Amino acid sequence: MSVDLRVEGVEKRFHGAADGTGRVILGGVSFAAPAGGIVCVLGPSGCGKTTLLRIIAGLETPDRGRVAVGDRLVNGPMREIGYITQETTLLPWRTVLSNVELGLEFAGVPPEQRRATARRHLEFVELAGFDDYHPKQISGGMKQKVALARSLAVEPRVLLLDEPFAALDAQTRNALQEVLLHVLERTRTTVVFVTHNVDEAVFLGDIVVCMTAQPTRVGTSVEVRVPRPRDRTGPELNALRKELLAFLTEQRLASRPARGEPEPQLPGSAVASAEKPPEKARAR
Amino acid sequence: MKRSVVLVSLSLFLLAAAAPAAAAGEKLRLGYLRSDLHHLAAWVGIEKGYFKDEGLEVETAGIFNAGAEEMSAFASKGIDVGYLGMAPSVTGVANHAASVKAEALANAEGSAIVVRADSPVRQVKELAGKTVAIPGYGNVQDFLLRRALEAAGLEAGAVKIIVIKPPEMITALESNQIDAFIAWEPHATKAVTKGVGRVLIPSSQIWKGHPCCVVAFEGSVAHDRPAVVQAFLRAHAKATAFILANTDEAVRIGVQYTGMDEKTVRMALGNISYRTELERAPVREYASYLGRLGYIKETDPDVIVRDYLDPAGLVKDARP
Amino acid sequence: MVSRRRWHFLLQLAPLVAVALLWEALSAAGIVPENRLPPPTHVLGGFAELVTRGLPPGSHLLGHCAASLRRVLAGVAAALVVGIPLGLLMGRSTRLRTLVNPFVEILRPIPPLAWVPLAILWLGIGDSSAVFLIFLGAFFPILLNTVAGVLSIERGLVEAAVILGASKRDLFVKVLAPGALPATITGVRIAVGVGWMTLVAAEFTGVKSGYGLGYMIMTARDIQRADQIVAGMLVIGLIGFAMDALIRAAERRLLRWR
């Protein structure tokens, strides 16, 4: 498959320290996404996944490195790159249908056509008939479906999703994953899906890219050659899950302070220091 | 001039003859209108100590922008005696706004219709279709304007009448917002000395000898302290006589209290007739005018006159 | 059977009626002198005269109401036209906010009425100076509320719109303006209230056309008709109340999505 999205050596620091130095969030991230494929970016919390995605979306600029879509460099938000976050960003004063039409409106598509396109996409995400509802009246899962329909209605080349289902309960999450896959069957959209949930990553991704702890780099990258529809509890996914969990745990340990340095204290816990790392024994 | 002096002396004599001596150090709270030259007698009385001579401790309790305001002060019993226009005081009495007794005149005449200095208007008749400003509805100036229009054969509706405060009239005239105004001295003269306006017709020609401002007492004061009232009126008569006999010093006091320049005050003084006798007929005429125009609730002029003019007989009836 | 809504409405009227009766009684008993505060019956009589004969005689109440309303609406409209776009721009741009804020902070505390002498000097005694004064009173609440409204819009919303391809114009018209609308409407309510109060006081200083509720009350004051002064005041209060109620109704309709 041809490569559609290229992330090369992206670095980013926290800005704000007066001397221009700040803690390094991203220490040089590089990976590629094949056209029409789904890349899941998996990493421990706080490793800068959101920052990475915002850089790819053009909402932030890297200190070093670059992102390319096709043969164009990304240096600002582009209509070709869609972006969905955990917090819904539906316009509360517009109806569901009107929200989905939003990008089409901006593109100058005439009303009849936009309405038809919007309705079609609402059908894809299984929300037909909810045209006239307002965001306030629908559930969190439904809102994310609308967000998905809205992003896909403008037929972006790349779609970025930042833990979109993290706030939903497990059942809804699973259902939405399936809706996502179902919708993506019809398009050639390249997808980058950020998550900290290993189950989600192996279920959805063609490739799973694992991030290290800070300074974040790509730790390991695994291809998931399991054909769809995938069995969530099947042996292939289980094996992968094991491998990835182990990697993540390793990263978590690696980010702890070295022996001899003071442990970070939880407020009010006098017991914390008593708990010395027995993990050292297990890692062997 | 001479006749006025005679009349004033006569009143003085009569008052003196009729009155017992006032108690020493009687307090009175006085009100008058800001920069209104018609009230010069009050200022002279204060400056020359005439009130003190009569055993009165007169305290200036209020300087007002309009007669209606002064009437509110009377209603709330904030002042005991006031110099104010006959118009607002009659109106207030007729509308039961306050109980007030007019005891003497402060001045007659002393207003004028003023047009722009370069205006082509030479007669009142030519004011038709123009905008004329008055200080307020129901004022003597309002009345004078209507009388002037009537005399010139115009209906009141022939002229657009609007209300502006006198200090702002000159600016309005200058900037062409209005074509003419009618106001009391010194505003009329000020327009002239500033080069902005020209007198079209003085009020003495609209209604000869028309009463303008009065000396009025709050109802209960007039009723309960007649000796004090008479003492005050004596001082007022003295002050009025002083003005007539000592122009220069009168001008100086006028300048002091109005803050206007000497030239304006001197000229304005010449247009005002300082007199003290209050006659029934003009009051009656004024009261019926108010009734005709619908400004007042009480429409019987005789009832108004009775409530307004002091019943103790200090008023002289005008006998032809 | 009386419907719930109507009952609620009557319940709100009851205290007003009770106070009116008490007031009438106190006046009739001579406890409150009629020249201090005319009783409701006198006030109603005065009101009738304002409608039929008019004050000054010939200038009817309806004409005064129309003139005052016209001025307020013109002033508020001007404030909307200047305030909303400026507010949206200031909400979006920190730089612009920093630039404009000093002027706003200095001018805002100045009561519109303090501008009367300047207004008359610049614009004369006609409608323009009245409208200018109302504009001054209405402008700041609308501006400041709109700015706050924009600032309250979640950043994610704006970003999502940009990503979907919104142009600058699209952003202002389709995201910022509707997003700030709840705050803007609050600003309009305040603005209309302030504008109405400013207007009446501004009309005290003189009005060229001879029509206006403030002018009418000033005339009632000149001829010392306390009953008509109070009647005029009540008319002003009722109209102010009606305008506010209208805005609240519009708000409920426009913000149904909340």
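Of the 320 residues of chain B, 54% count as buried. A residue is called buried if 20 or more other C-beta atoms lie within 10 Å of its own, exposed if 12 or fewer do, and partly exposed in between, with C-beta atoms placed from the backbone. Please keep in mind that this is a predicted model, in which local features need pLDDT of at least 70 and side-chain atom pairs count only at pLDDT 80 or more, while totals for chains, interfaces and linings use all residues. Residues are numbered from 1 along each chain as its sequence is written, and chains are lettered from A and ligands numbered from 1 in the order in which they are written.

Chain B contains 15 helices and 11 strands. These are DSSP runs, numbered from the N terminus: helices are H or I with at least four residues, and strands are E with at least two. Among contacts in chain B between residues at least 6 apart in sequence, 81% join residues at least 24 apart. Two residues are in contact if their C-beta atoms, placed from the backbone, lie within 7 Å.

The largest nonpolar core has 249 residues, and V192(A), V90(B) and V214(B) have the most contacts inside it. Such a core is a set of buried Ala, Val, Leu, Ile, Met, Phe, Trp, Tyr and Cys residues joined through C-beta atoms within 7 Å. Helix 6 of chain C, residues 127-151, gives the largest share of this core, 14 residues. Leaving aside residues up to four places away in sequence, V90(B) touches V283(B), Y286(B), A287(B), L290(B), I304(B) and Y308(B).

Which chains touch? By comparison, no contact joins chain A and chain B, and their closest C-alpha atoms lie 50 Å apart.

The contact between chains B and C takes 22 residues from chain B and 17 from chain C. On the side of chain C, helix 9, residues 213-222, supplies the largest share, three residues. By class, this side has five nonpolar, six polar and six charged residues. Here Ala, Val, Leu, Ile, Met, Phe, Trp, Tyr, Cys and Pro count as nonpolar, Asp, Glu, Lys and Arg as charged, and the others, Gly among them, as polar.

Chain C also meets chain A: 14 residues of chain C are in contact with 19 residues of chain A. Helix 7 of chain C gives the largest share of the chain C side, six residues. That side divides into nine nonpolar, three polar and two charged residues.

Within chain C, helix 8 and helix 10 (residues 226-254) pack at an angle of about 170°, with their axes 10 Å apart. Helix 8 of chain C and helix 10 of chain C are therefore roughly antiparallel to each other. Residues in this contact include W196(C) of helix 8 and M243(C) of helix 10. Axes are lines fitted to C-alpha atoms, for helices over the stretch in contact, and angles run from 0 to 180 degrees between N-to-C directions. Angles under 35 degrees count as roughly parallel, over 145 as roughly antiparallel, 65 to 115 as roughly perpendicular and the rest as oblique.

Finally, confidence. The mean pLDDT, the predictor's confidence in each residue from 0 to 100, is 86 for chain B, where 89% of residues reach 70 or more. Over residues 311-320 of chain B the pLDDT is below 50, and this stretch has 12 contacts in the model beyond near neighbours in sequence.
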